[in-house]
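Morning, everyone. Please look at the chain on the screen while I talk.

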Amino acid sequence: MPELPEVTALAAFLDRRAVGHRVKRVDVTSIQVLKTFDPPATALTGRELISVDRHGKFLDLTFNDLHLVIHLAKAGWLRWREELPTTPLRPGRHPIALRLTFEDGAGFDLSEAGTAKRMAAHIVEDPMDVPGVASLGIEPLSSEFTLEAFTGLLTGTRQQIKGLLRQQKTIAGIGNAYSDEVLHAARLSPFKIAATMDDAETSRLYEAIRETLRTAVEASADLAAGHVKAHKKELLRVHGRTGLPCPVCGDTIAQVSFADSSLQYCPTCQTGGKPLADRRMSRLLK
């Protein structure tokens with residue numbers, strides 16, 4: 001899933017390439033992707049792209065007095081093309097859910113792999129009209145995200161820290177991949193209970209969040225849209241690297257599997273050398 005650094009990179013690319021251009025056509029081929037009906041998608045036609053912003057994992061394209069707010073979900077992506085086909089897209093069995101074409105012939109497709117269609121596009125007058133945006137928690141790279149504010153989020157919380165980091169209503173923009181990266185950098189178990197963390201652990205985690213996300217944002221700042229996803233994989237140190245050596249201590253990266261996701265961690269760096277129980281395998285063995 002695209003997270004804060006990738007959505008920031010996509011916003012920066014669209015800001016460089018598309019701001020100032022007018023929309024020629026919008027083709028919606030999947031009724032599932034468009035979560036609003038008034039105003040319709042055709043209302044974007046003829047409007048100029050004024051700015052591109054990010055809210056958590058949401059991409060916000062401003063067209064005069066309307067916003068196209070996109071959430072790419074787990075398997076969605078924005079694919080930019082300098083020259084899109086001139087033939088209008090028709091509904092059918094293909095991954096493209098929405099196509100936006102600018103007057104210069106360039107534009108992007110919103111596509112989604114797999115059968116679970118969770119990608120969402122909203123056309124609204126105010127991005128706060130999108131429930132997911134309105135309920136977002138604090139932005140971790142903002143000036144408001146201080147150590148004091150972060151400590152307050154942890155106080156009294158009996159939630160595992162991995163889950164808390166991914167909770168968008170608490171902290172906006174961190175998902176499965178960067179929560180693994182942050183916890184590895186902070187040398188903390190993903191199963192650590194938030195309320196049990198001492199001051200040193202809290203400080204380490206706070207600094208790891210800021211540094212991990214800032215580094216990822218800076219590393220992808222100038223990338224074209226088509227290179228963002230692959231570049232993310234190159235940056236990751238533990239997530240998605242099960243069975244490979246830890247870049248810090250050399251131990252083997254381990255994994256815990258769940259119903260629809262998994263997490264990766266280093267036993268030596270994060271859990272005192274102890275393996276965490278694989279919840280999915282534990283159920284199968286009962």
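I will go from the whole chain down to single residues.

This is a predicted model, where local features need pLDDT of at least 70 and side-chain atom pairs count only at pLDDT 80 or more, while totals for chains, interfaces and linings use all residues. Residues are numbered from 1 along each chain as its sequence is written, and side-chain values use heavy atoms, with hydrogens and water left out.

Confidence comes first. pLDDT is the predictor's confidence in each residue, from 0 to 100. Its mean over the chain is 93, and 96% of the residues reach 70 or more. Residues 281–286 fall below 50, and beyond near neighbours in sequence this stretch has 1 contact in the model. Contact means heavy atoms within 4.5 Å. Where pLDDT is low, the predicted coordinates should not be read in detail.

Now the overall build. The chain has 9 helices and 10 strands. These are DSSP runs, numbered from the N terminus: helices are H or I with at least four residues, strands are E with at least two. The C-alpha trace spans about 60 × 40 × 35 Å along its principal axes. What share of the 286 residues is buried? Buried residues make up 49%. Buried means under 20% relative accessible area, exposed over 50%, and partly exposed in between, with a 1.4 Å probe and protein chains only. Of the contacts with a separation of 6 or more, 64% join residues 24 or more positions apart.

Next, the aromatic rings. Rings of Phe, Tyr and Trp (its six-membered ring) pair if their centres lie within 6.5 Å; planes under 30 degrees apart count as stacked, over 60 as edge-to-face and the rest as tilted. That rule gives 5 aromatic pairs. Take Trp80 and Phe102: their ring centres are 6.1 Å apart and their planes are at 40°, so this pair is tilted. Trp80 sits in strand 5 (residues 76–81) and Phe102 in strand 6 (residues 96–102), so the pair ties together parts 22 residues apart in sequence. Both Trp80 and Phe102 are buried. Phe13 joins them, as ring pairs link Phe13, Trp80 and Phe102 into a cluster.

On to Glu112, in strand 7 (residues 107–112). Is Glu112 buried or exposed? Glu112 is buried, because its relative accessible area is 7%. Its side chain reaches the backbone nitrogen of Arg118 at 2.8 Å. Leaving aside neighbours within four places in sequence, Glu112 has contacts that include Ala73, Pro95 and Lys117.

Thr242 lies in a loop, between helix 7 (225–235) and strand 9 (254–257). Thr242 counts as partly exposed, because its relative accessibility is 39%. Its side chain makes a polar contact with the side chain of Gln255, at 2.8 Å. A polar contact is a pair of N or O atoms within 3.5 Å; within protein, one must be able to donate a hydrogen and the other to accept it, and residues adjacent in sequence count only if both atoms are side-chain atoms.

Last, some backbone details. The peptide bond from Asp38 to Pro39 is cis, with omega near 5°. Pro39 lies in the loop between strand 1 (23–28) and strand 2 (49–55). Asn64 is not a glycine, yet its phi is positive, near 55°. Find Asn64 in the loop between strand 3 (58–63) and strand 4 (66–71). Arg187 is not a glycine either, and its phi is about 60°. Arg187 lies in the loop between helix 5 (176–186) and helix 6 (199–219).
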